[in-house]
Amino acid sequence: MSIKVEEVTKFYGKQAALKKVSFEIHSGEIAGFIGPNGAGKSTLMKIITGFIPQTEGTVTVNGKNVLENPLEVKQSIGYLPENNPLYLNMYVKEYLHFVAGFYKLGKSTIERVNDMIQLTGLEPEMHKRIGALSKGFRQRVGLAQALIHNPSVLILDEPTSGLDPNQIVEIRDLIKEAGRDKTILLSTHILQEVEAICQRTIIINKGEIVADDKTAEIYSHSSQKQTIVVEFNTIVEENSLKTIIGIDNLIKLQNNLWLIETAADIDLRQQIFEFAVQNQLVVLSMQKKEKSLEESFRDLTKGN
């Protein structure tokens with residue numbers, strides 16, 4: 001079970017929304033797909049799900065070409081689009097039976113509907129109209145409909161958009177539970193979401209993949225800088241600190257607190273201690289600051 005995207009390009013008129021995009025996601029993998037607005041995320045998701053065709057390149061889902069086998073591919077995909085279109089006048093349980101009918105689940109329909117209601121925590125709301133539900137419960141209904149036919153692949157476009165912090169945690173847990181035996185591609189603007197649930201991160205910018213790696217390793221794709229925050233017991237002049245060889249940049253955070261940037265392969269902590277001793281200073285605290293996904297994202301998508 002996998003998604004394979006090979007050299008995919010998409011033009012809208014003369015404008016290229018995607019430029020030779022390639023990657024592969026395997027079963028059991030939750031991949032975060034992030035990028036600035038207009039970078040091409042939703043376009044690629046619509047191509048993978050067969051809603052629009054690519055201009056060039058190939059997309060296969062579980063070995064089936066999306067353009068050549070559209071019905072088979074759609075049978076194996078669960079899709080939650082960004083706007084989560086629902087029939088607001090329908091009741092939750094009624095709606096899920098309605099969706100199950102499209103997939104011709106037959107005798108297993110009742111069991112699948114009940115399973116999805118339980119999995120997504122919809123029991124208290126299942127006899128309500130969808131229009132009367134909170135945004136969080138509507139997202140649960142969207143996930144339930146995406147999972148109703150037990151697809152091997154899930155495509156989730158901004159699944160936690162507009163939710164409060166508690167609802168975000170609940171939907172996150174649902175995605176992690178559902179993703180144990182499925183291939184999941186998840187697009188989001190919430191970078192903490194990617195760090196929390198995605199083993200892998202794919203970053204797209206201006207229609208091109210600029211980074212694709214394990215989430216814990218994605219930082220190595222951005223600018224190679226290391227940051228140290230050090231606090232002395234008294235005021236230290238900038239010109240004095242600049243005598244430490246290897247410093248690329250200095251930022252004064254407070255009177256005695258400095259942010260020091262260096263190349264990634266240089267650890268200046270020992271030199272900073274020696275500098276303090278030579279100048280009869282006391283180092284009250286010193287911390288090497290790890291690069292965040294947000295900082296890496298900004299580095300890799302500058303110009304947007």
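**Strands, sheets and helices**

Analyst: Happy to! Lys 10 stands opposite Leu 18 in strand 2. This is a predicted model in which local features need pLDDT of at least 70, side-chain atom pairs count only at pLDDT 80 or more, and totals for chains, interfaces and linings use all residues. Residues are numbered from 1 along each chain as its sequence is written, and side-chain values use heavy atoms, with hydrogens and water left out.

User: What makes strand 1 and strand 2 a pair?

Analyst: Two strands pair if DSSP finds at least two bridges between them. Strand 1 (residues 2-12) and strand 2 have 8 bridges in the antiparallel sense, so they count as paired.

User: Which strands are the edges of that sheet?

Analyst: The open sheet has 4 strands in the order 2-1-4-5, with antiparallel pairing. Strand 2 (15-26) and strand 5 (64-65) are the edge strands, as each pairs on one side only. Strands (E, at least two residues) and helices (H or I, at least four) are DSSP runs, numbered from the N terminus.

User: How do you know that helix 1 packs on the sheet?

Analyst: Contact means heavy atoms within 4.5 Å. Helix 1 (residues 41-48) touches strand 1, strand 2 and strand 4 (56-61), and its direction makes about 120 degrees with that of strand 1. Such angles run from 0 to 180 degrees between N-to-C directions, with axes as lines fitted to C-alpha atoms, for helices over the stretch in contact.

User: What joins strand 6 to strand 7?

Analyst: 4 bridges join strand 6 to strand 7 (residues 153-157), and the two run parallel. Gly 78 stands opposite Leu 154 in strand 7.
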